[in-house]
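I'd like to walk you through one model today, so let me put the sequence and the structure up on the screen.

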Amino acid sequence: MPRVRHVVRALLDVLFPPTCAACGTYSQRSICPLCEAKLEAIGSTTCLCCGKPTLHRVGACRECRGRDFKFHAAAALWRYSGVARGVLKSLKYSNRRLIAHEIAARMAPLYARLGDCDIVTWVPMSKYKERRRGYNQSELLARSLADDLGLGAAPLLRKTRHTHDQNRLPGRERRKNNVGAFASVSSSSIAGMRVLLVDDIYTTGSTVADCAVALRKAKVAAVYVITAARTVKEA
Ligand SMILES: [Zn+2]
Ligand SMILES: [Zn+2]
């Protein structure tokens, strides 16, 4: 049997050569070694509140001080630049489910930096957008991550209206764009739960904050945020 599997694998490789999710060149790994070397992982020296890389570990960075974020803490795997952008783009537009597993496996150790959670959920897309794309990339990440962590995953949020893509808006517009755009699905069943909220990219934190507000309306006990990447403004 192993030999048959080997032949099938070789045949599949010829028909559908595996490519790197970031640069598209032939690669047996979902991220080729050249791209792998360029990925910028965010270490554990961060602001404990928003997950921004800092010189020293701080409870709240300058941006977080005095700002009510609605969620307890956030952590991100990579800086959102170069290769990470390419990987997440291919997750978003090329339906690469395998890469979702790969990214989620790398996100899993970050969970230790956050508080214990009872359930995993994700930032929802509008029904229209999800139908057009066929899937929600944050749901793929969330479900894989939940498997890795041995937790359950469920859609706890829904989008109540269409919003513009956060990444294409200037900072001021982003806050207004999402306000009131999310609602929790069922309030009675999640009261008192600690929720791990998953998204692909953390930009200003306003999307996940708005989701956290909706979850807290349903009386969840805590919301922790984990994302594959995070934009980092250079000071
Ligand atoms: Zn590559
Ligand atoms: Zn911060």
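With that, you can find Val 213 in helix α9, residues 206-217. We'll come back to it.

Some housekeeping. This is a predicted model, so local features need pLDDT of at least 70 and side-chain atom pairs count only at pLDDT 80 or more, while totals for chains, interfaces and linings use all residues. Residues are numbered from 1 along each chain as its sequence is written, and chains are lettered from A and ligands numbered from 1 in the order in which they are written.

Now the overall picture. The protein chain has 9 helices and 7 strands. Its radius of gyration, taken over C-alpha atoms, is 18 Å, close to the 18 Å that the globule rule gives for 235 residues, so the chain is as compact as a globular protein of that length. That rule is 2.2 Å times the number of residues to the power 0.38. Along the principal axes, the C-alpha atoms fill a box of roughly 60 × 40 × 35 Å.

How much of the chain is buried? Of the 235 residues, 38% count as buried. The cut-off here is 20 or more other C-beta atoms within 10 Å of the residue's own, with exposed meaning 12 or fewer, partly exposed in between, and C-beta atoms placed from the backbone.

On to domains, whose bounds come from an automatic or database domain assignment. Domain 1 covers 1-38 and domain 2 covers 39-230. Their C-alpha centres lie 29 Å apart. Where they meet, 8 residues of domain 1 are in contact with 10 residues of domain 2, contact meaning that the C-beta atoms, placed from the backbone, lie within 7 Å. On the domain 1 side of that, by class, you get 5 nonpolar, 1 polar and 2 charged residues. For those classes, Ala, Val, Leu, Ile, Met, Phe, Trp, Tyr, Cys and Pro count as nonpolar, Asp, Glu, Lys and Arg as charged, and the others, Gly among them, as polar.

Next, the sheet. What order do its strands come in? It's an open sheet of 5 strands, β1-β7-β6-β2-β3, with parallel pairing. Two strands pair if DSSP finds at least two bridges between them. β1 (73-79) and β3 (152-153) stand at the edges with a single partner strand each, so one side of each has no neighbour in the sheet.

Let's go across it. β1 and β7, residues 222-230, pair over 6 bridges. Within that pairing, Ala 73 has Tyr 224 as its bridge partner, Ala 74 stands opposite Val 225, and Trp 78 stands opposite Ala 229. Although β1 is an edge strand, 6 of its 7 residues are buried, so it is largely enclosed by the rest of the structure.

On to β6, which pairs with β7 over 8 bridges. Val 195 sits opposite Val 223 there, and Asp 199 opposite Thr 227. For β6, 8 of the 9 residues are buried, so this strand is largely enclosed as well. β2, residues 119-122, then pairs with β6 over 4 bridges, with Trp 122 opposite Val 198.

Back to α9, as promised. Val 213 counts as partly exposed because it has 18 C-beta neighbours inside 10 Å. Its C-alpha atom is 9.2 Å from that of Phe 69, 144 residues apart along the chain.

Last stop, the loop between α9 and β7, where Lys 219 sits. Most residues other than glycine have a negative phi. Lys 219 has a positive phi of about 65 degrees, though it is not a glycine. With 13 C-beta neighbours inside 10 Å, Lys 219 counts as partly exposed.

That's my tour, happy to go back to any part of it.

Technical notes: Helix = DSSP H or I, 4+ residues; strand = E, 2+ residues; numbered from the N terminus. Contact = placed C-beta atoms within 7 Å.
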